[in-house]
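Keep the structure open beside you as you read.

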2 protein chains.
Amino acid sequence: MSVSNIVSTMMAAPLSLNHFLERAGKLFPNSEIVSRLPNKSLRQHSFKQYYERTLQLSSALKALGLRKGDRVATLCWNHHAHLEAYFGIPAAGGVMHTLNLRLAPEEIGWIASNADDRFLIVDDVLLPLLEKVLPFLNKGHQFEKIIVFRFSDASPTTANVAAGYLDYDHLLASAPAFDGYAPHDENDPVAMCYTSGTTGRPKGVVYSHRSTVLHSLVGCMPDAWKLSGSDTVLPVTPMFHANSWGLPYACIMLGTKLVFPGPHLHAHDLLDLMALQPPTMAVGVPTIWLTLIQALEAEPNRWTLPIGMRSLVGGSATPESLIRAFAKRGVELSQGWGMTETSPLATVFYKKHELRGLDDEAWFKRKTLAGLPVPLMELRIVGESGEVAPWDGVAVGEVQVRGPFVTGDYHNVTRDEEKFTADGWLRTGDVAAIDSYGYLRIADRTKDLIKSGGEWISSVDLENAIMGHPEVAEAAVIALLHDKWGERPLACVVLKPSSKTLSTTLTPEMLVSLTALLKTQFLSWQLPEAFVVVDAIPRTSTGKFWKAKLREMFPDWP
Amino acid sequence: MSVSNIVSTMMAAPLSLNHFLERAGKLFPNSEIVSRLPNKSLRQHSFKQYYERTLQLSSALKALGLRKGDRVATLCWNHHAHLEAYFGIPAAGGVMHTLNLRLAPEEIGWIASNADDRFLIVDDVLLPLLEKVLPFLNKGHQFEKIIVFRFSDASPTTANVAAGYLDYDHLLASAPAFDGYAPHDENDPVAMCYTSGTTGRPKGVVYSHRSTVLHSLVGCMPDAWKLSGSDTVLPVTPMFHANSWGLPYACIMLGTKLVFPGPHLHAHDLLDLMALQPPTMAVGVPTIWLTLIQALEAEPNRWTLPIGMRSLVGGSATPESLIRAFAKRGVELSQGWGMTETSPLATVFYKKHELRGLDDEAWFKRKTLAGLPVPLMELRIVGESGEVAPWDGVAVGEVQVRGPFVTGDYHNVTRDEEKFTADGWLRTGDVAAIDSYGYLRIADRTKDLIKSGGEWISSVDLENAIMGHPEVAEAAVIALLHDKWGERPLACVVLKPSSKTLSTTLTPEMLVSLTALLKTQFLSWQLPEAFVVVDAIPRTSTGKFWKAKLREMFPDWP
């Protein structure tokens, strides 16, 4: 595009994940990776071992006939071998496709077929799930090679051997010598992940070397994850969910110690693991973090959170009460906002210098916001009539984003014009306001907004307020059809074990106290039409509140 | 390059400096820029004002006829208007070319001609220099427009008006409305800078949107500058020298407060400025930092360094004594290594987690190392016979680098094949070893190594050791020809004001004490052949020791 007889003299060096892997092996051989096995013991690898094993995986895949661009699916928990797949598959020129093990077998089968996965790496403990998935692969589609990672340390079973399944560690041990990285340019794909797809079929997002490298650099910045080689990261977020928010890539780049929880995501297990291998940073969804607080409250003398730990949460709204509960225990909880389509980090909360005068109380309120857009992420909110909304903290609109690690399409589907604007922005489906300081406040998913008498009510705001009540453990608010108002909010509440209930309804005292609390923040017409007590809020595969399921449970007023 | 029917779905969004500028205006309007004027008063701008002025500059340049790719030279100190040029020129599609005001007029003239600079922005206080430069422009070349920034706040002179010089602020005030950024792709050039050229003609390096954005992201990481929006940066490094190490770009991206020293780089002025506008981070060359310590020692009660300030130094070797002197005053001094050709950050010192057990003494020794390669920077050392040297801390070789913000060529010259290897690495001309932890130790510039009796002696190591003596302020070591040994080191020493001298020679006591100190670190044959006392070490335009000049002063043994 240049005229006037000048061009940049900079090298045309492509961005590449292989460069991160080389850093891990050469600069950080003594860094550590800890994986929790199914029997709860810990297995430790150095980055040097990791590097060598990852190159072996790459060689082994090529020896198995992997071609450039071929998809290699993973059906794995968070552990070192999954991390080997993160880099070993792209090193061989393949595309890692993380299958979400929490989905229904038919859905996993559909996704693997849509992605055209050729090989599969699967945890031995997930073979029973795989058996259920295989019948749902599209006719004519099969995994050509199934490679079993003996996560449980058990010997290969006769049945697996008979089925022709390959053994992951045998494959690595017998791999030919590494003969170099597959040639690539920076836009070549490295990984794919399907959206959770609460409506319609899941859709595949395909990340490139470029997008992954850029996302890693942006994520590490002091005003985002603040990640350094001195950190120890505990990624509770599954590696099959938006690549565990991209943290594994960044840790490999920087030599950061990783502690993988394996399949043990129960609060007790996570607290035990934090005691054994104290992280400086732990990441997960707020709903799992809620269970940590419940466990700490239930047994106050059993655990403490690691000193100096910080935590990033995301994936759903974070109640102020949760932020306060962690702060009380010395852990700063910040939230990010994003989605599979945004790699996923789009905004992150941090304290702007110009607001340094705010007191703690004001910060607790502010910390419920989703934060500020990270570098390289363009963000705007667009109102119902298509106009870009002002940043006044009041005007709400759909969040739209654009940038080099935002998807501009989906894999192997007819282009969904509804998802993108004419000028090239992704329509996220989330509704938000932006205040004058640039902080994003997510009001709701478009489909979760409640339209009552022509006015919108934010289910998220109600949930967060209800969860601020000392006797409430969790709460989710959904819209039910209403003859007079169109829709009215129903609040589904999980009480703390210590609280009294009257089966599925609140005690009169509790109803009074909760209503009084809500009235300090909401107008009368915005209050829930009714409250029901439930044992648990159903959760999606990624641990978020699953409102579609709640709506199935309460099709009519209870 | 992809086969197997898959492409990345990521948006093709170009990396762009304009995005940083938009962030400054939209996300960080209340951040501040402070500039010190020639009369030493301070002028303050908000980022909002900065943003508006920069767009005005862009519009004004287009109205003056700027075409895509046209070079706009700057002959300016560090101040807000220079920062406006950093973004305003690329916004209009132009290329900012920073002229080094410390060079000889004939050299500046040659450089401006080689770059084919079309417009010039010049500080009013530098007009006398410009008058000396103009006669040295190549025949037929002239600056079509000369825009004078009234840095001194004086009115435009009649002479300037008569000469047709434009006034910077008038130009901005009368600029047409901003009608959008010039279309570009990410490899289009944004800035150029000429190497200091201690040998041969200076050579032009041309940075792109892409290289500048990537360098900014990498620089901000916690293991590099650790830059956040809450920092206050004092860039003493000139904006005409490798873009003040790229910090202005990063500060605009993050909303970081900038304090510009203007023309006042004397130690007293810098210490006064630090007291008035305390930075959290100050960057400069070690030789200027030496003068700060000398001033603090000379008047112990006049200044203190800002609490919590950190400092990055680079551009020449950093003596351990300097690191200790700052540490004593509460300031952590770290060094980076790089050059105009590397944007410039190539390596940076930080404490690797695996070395956390080292005691303070060990860290002071280690902090004289140049650090670890930053992400995206590939680095190797290559021995005399062309083999890649091992990372054992002993083997030395030439440092070679490769990456997306490393130059692969120079502007408007016949390609210098000597500067690049056949496999595409830049030959830096620096000689170094890398230890097993990956830390780079710069032994010398190739041309500054001393070859004595067939063995190499590092002038840098000797200098750093000599500067560790309590009576030495500064020292530079050069090679002089020697009948028997080929070359032998001559040490040129500047003593502290309190020290006794015998004109140009050391006192016998001092000679004994200095030799004893050196013998703890060097073998006898590595010691300087002679010591001379000088009033000052000559400095290059960028403040580094100018050894070529010293060699002119001492062509033979003194």
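## A threonine and its partners

The side chain of Thr428(A) reaches the backbone nitrogen of Asp430(A) at 3.1 Å. Before going on, please keep in mind that this is a predicted model.

Where does Thr428(A) lie? You will find Thr428(A) in strand S19 of chain A, which covers residues 426–434. Is Thr428(A) buried or exposed? Its relative accessibility is 0%, and because buried means under 20%, Thr428(A) counts as buried.

Setting aside neighbours within four places in sequence, Thr428(A) is in contact with Trp337(A), Met339(A), Glu398(A), Val399(A), Val401(A), Lys419(A) and Arg445(A). One of these, Glu398(A), sits 30 residues away along the chain, yet the C-alpha atoms of Thr428(A) and Glu398(A) are separated by 7.1 Å.

## Another threonine, reaching across

Next, move to Thr9(A), which is placed in the segment before helix H1 (17–26) of chain A. With 6% relative accessibility, Thr9(A) counts as buried too. Which residues does Thr9(A) touch, not counting those up to four places away in sequence? They are Gly204(B), Val205(B), Val206(B), Thr407(B), Gly408(B), Asp409(B), Tyr410(B) and His411(B). With Thr407(B), there is a polar contact between the two side chains, at 2.6 Å.

| From | To | Distance |
|---|---|---|
| Thr428(A) side chain | Asp430(A) backbone nitrogen | 3.1 Å |
| Thr9(A) side chain | Thr407(B) side chain | 2.6 Å |
| Glu186(A) | Arg210(B) | 2.7 Å, closest N and O atoms |

## Where the two chains meet

Let's step back to the whole interface. Here 87 residues of chain B are in contact with 87 residues of chain A. The size of an interface is often given as the accessible area lost when the parts come together. Chain B and chain A bury about 6200 Å² between them, with 62% of it on carbon and sulfur atoms.

How many salt bridges does the rule find across the interface of chain B and chain A? There are two, and Glu186(A) with Arg210(B) form a salt bridge whose closest N and O atoms are 2.7 Å apart. Between chain B and chain A, 28 residue pairs are in polar contact, both residues being at pLDDT 80 or more.

On the side of chain B that touches chain A, several elements each supply at least two residues, including helix H1 (17–26), strand S9 (204–208) and helix H8 (209–220) of chain B. The largest share, seven residues, comes from H8(B). By kind, the residues on this side of chain B divide into 45 nonpolar, 24 polar and 18 charged.

## A strand with two partners

Our last stop is strand S1 (residues 32–36) of chain B. Four of its five residues are buried, so S1(B) is largely enclosed by the rest of the structure.

S1(B) is joined by five bridges to strand S2 (residues 42–46) of chain B, and the two run antiparallel. In this pairing, Arg36(B) stands opposite Leu42(B). The hairpin of S1(B) and S2(B) has five residues between the strands, and there Lys40(B) takes a positive phi near 75°.

S1(B) also pairs with strand S11 (residues 257–260) of chain B, in the parallel sense and over three bridges. Within S11(B), Leu258(B) is the bridge partner of Ile33(B).

Definitions and conventions: Residues are numbered from 1 along each chain as its sequence is written. Chains are lettered from A and ligands numbered from 1 in the order in which they are written. This is a predicted model: local features need pLDDT of at least 70, side-chain atom pairs count only at pLDDT 80 or more; totals for chains, interfaces and linings use all residues. Side-chain values use heavy atoms; hydrogens and water are left out. Contact means heavy atoms within 4.5 Å. Buried area is the accessible area (1.4 Å probe) that two parts lose on being put together, summed over both. A salt bridge is a side-chain nitrogen of Lys or Arg within 4 Å of a carboxyl oxygen of Asp or Glu. A polar contact is a pair of N or O atoms within 3.5 Å; within protein, one must be able to donate a hydrogen and the other to accept it, and residues adjacent in sequence count only if both atoms are side-chain atoms. Ala, Val, Leu, Ile, Met, Phe, Trp, Tyr, Cys and Pro count as nonpolar, Asp, Glu, Lys and Arg as charged, and the others, Gly among them, as polar. Buried means under 20% relative accessible area, exposed over 50%, partly exposed in between (1.4 Å probe, protein chains only). Two strands pair if DSSP finds at least two bridges between them.
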